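Let's walk through this structure together, one question at a time. Have the sequence and the 3D view open as you read.

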Amino acid sequence: MTLDDHTETRRQRLVEGWLPLAQDANQQYGWQLDGPALEVLIITAAPALAEAQSTFAARAVFWQVYHQQAKDER
Amino acid sequence: MSQPGGGGTKRSSWLTFRRRLLLVRALLRGPATSADLIAEIDAELGEQGYPEAAASALKHDFDALKGEYGCSITYDRQNRYYHLADLGELALLDLPQPCMEALAFLEASFPEGSGLPEHANIRELLERVVLLLPPARQAQHRRRRSTIRLGVGRGAGRIDSDVLTIDKHAIEERRELAFDYLSTFDAEKPRRHRVAPYGITFRPEGHGYLDATVLEVTPKGGEAIHAAIDYRLDRIVPGNAEVLPTVLPPLRPTPPNYQLRYTLVPQVARRHDIAAYFPNTVITYLDDGSAEVRATVTNLWQTRQILLRYGDACRVHEPAELVALFRNTARGLAELYA
């Protein structure tokens, strides 16, 4: 197993774990992000998500990262 | 409080005033003993803190706060701490109407008695904020009922805070973790799991999960060794989770990877707004209005749970292991509803 495989495994598990909640926030807040954009959102939010103690905190992390990304794109 | 006089009297009045404000601030953080309060004031003001007869000066400050500002400070004899029950004239926070509505929204979303740790912390915050409001605004807030509320995982079981701390510690230290776990298949007694932990996630319904690779289960069950499992945090038995000395290798054992393929009927797919629930999702909309979705997954149990939300509008074609899981579910449902 190479280091690249390891990184891919980590990415896969990270995205797989967080996608349901990210997708739920996406639908609830009307962000209209597609699959690849949601994956970017999760990977960007990963360090803060690791600190989340609850669904509420994780949602707040997604909210903050989404708005930061939107601001950066302007 | 201040008396006209020389510079020394003014300075001393100001110091007394500042000390009393610091006292209120300390009590806003929570109940405290007289020794704690004196230590805190002295740490803040240094030599200008309490004089030698600190206890009587503290009592004098309490009397002044009650008499001059209408503060209500009670003393718990059993625990020997002081508690700030009402700020009186020092309730200096007032809020515009939209913020009062936001406060009501938070009250409705996180009601008293909702056991989750995060809810408990939000309750504490709300109670502090409300305490800072003048009495009339407090009464207004108590009467108000918010028409909107946030639905965040109300049905989730309580996650033990020690379990969460131990799990996070093991992940940070990259060490093996052992705990007793009561899975859906364990009717009465939990079984001991030894795992390599990698992360914690929360799902929309409010459950928290530990993402871990199974190393050993005692007594053995149906878990495949080296499978990636999402353990429900509220099903880890509190009191005996432990971080083991074994440090994990930097490379995670590869969980089996599955290529997922399912189709959704036209009623669900016709708006071309299908949600992506799995990594590497590729959606193809077909001429008949249906959609074919391909993705990569490692956790078939979780995949089944997610796809079940579509009911009979979704048909799984690959992988065969997931099709078998759905067949079992369908058989069970047929027995229930036949």
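Q: In E5(B), which residue is the bridge partner of B:Arg192?
A: This is a predicted model, so local features are taken only where pLDDT is at least 70. E4(B) and E5(B) pair in the antiparallel sense over ten bridges. On the E5(B) side, the residue bridged to B:Arg192 is B:Thr218.

Q: Which residue takes a positive phi in the hairpin of E4(B) and E5(B)?
A: This hairpin has five residues between its strands. Look there for a phi near 105°, and you will find B:Gly206.

Q: In what order do the five strands of the open sheet in chain B run?
A: Follow the pairings across the sheet. E3(B) and E7(B) are antiparallel over three bridges, and five bridges join E3(B) to E4(B), also antiparallel. E4(B) then pairs with E5(B) over ten bridges, and E5(B) is joined to E6(B) by five. Read from the E6 end, the order is E6-E5-E4-E3-E7.

Q: Which strands stand at the edges of this sheet, each with a single partner strand?
A: The order of the open sheet is E6-E5-E4-E3-E7 in chain B. A strand with a single partner has one side left without a neighbour in the sheet, so the strands to pick are E6 and E7 (242–247) of chain B.

Q: Is strand E6 (residues 228–232) of chain B largely enclosed or left open by the rest of the structure?
A: E6(B) is antiparallel to E5 (residues 208–218), and B:Tyr209 has B:Arg232 of E6(B) as its bridge partner. To count as buried, a residue needs 20 or more other C-beta atoms within 10 Å of its own. Four of the five residues of E6(B) are buried, so the strand is largely enclosed.

Q: Which element gives the most to the side of chain B that touches chain A?
A: The contact takes 30 residues from chain B and 30 residues from chain A. On the chain B side, H5 (117–131), E4 (191–202), E6 and E10 (291–297) each supply at least two residues. The one that gives the most, with four residues, is E4(B).

Q: How many of the residues of E4(B) are buried?
A: E4(B) has twelve residues and is mostly covered. The number buried is nine.

Q: Which element gives the largest share of the largest nonpolar core?
A: This core has 32 residues, and those touching the most other members include A:Trp18, A:Leu41 and A:Phe62. Elements giving two or more residues are H1 (3–28), H2 (35–49) and H3 (55–73) of chain A, together with E8 (258–264) and E10 of chain B. The largest share, seven residues, comes from H1(A).

Q: Which residue takes a positive phi just after H3(B)?
A: H3 (residues 54–69) of chain B has 16 residues and reaches 21 Å from its first C-alpha to its last, close to the 22 Å expected. Just after this helix comes a phi of about 70°, taken by B:Gly70.

Technical notes:
Residues numbered from 1 in each chain as written. Chains lettered and ligands numbered in written order. Predicted model: local features only at pLDDT ≥ 70, side-chain atom pairs only at ≥ 80, totals over all residues. Pairing = 2+ DSSP bridges. Expected span 1.5 Å × (residues − 1). Contact = placed C-beta atoms within 7 Å. Core = buried A, V, L, I, M, F, W, Y, C linked by C-beta atoms within 7 Å.
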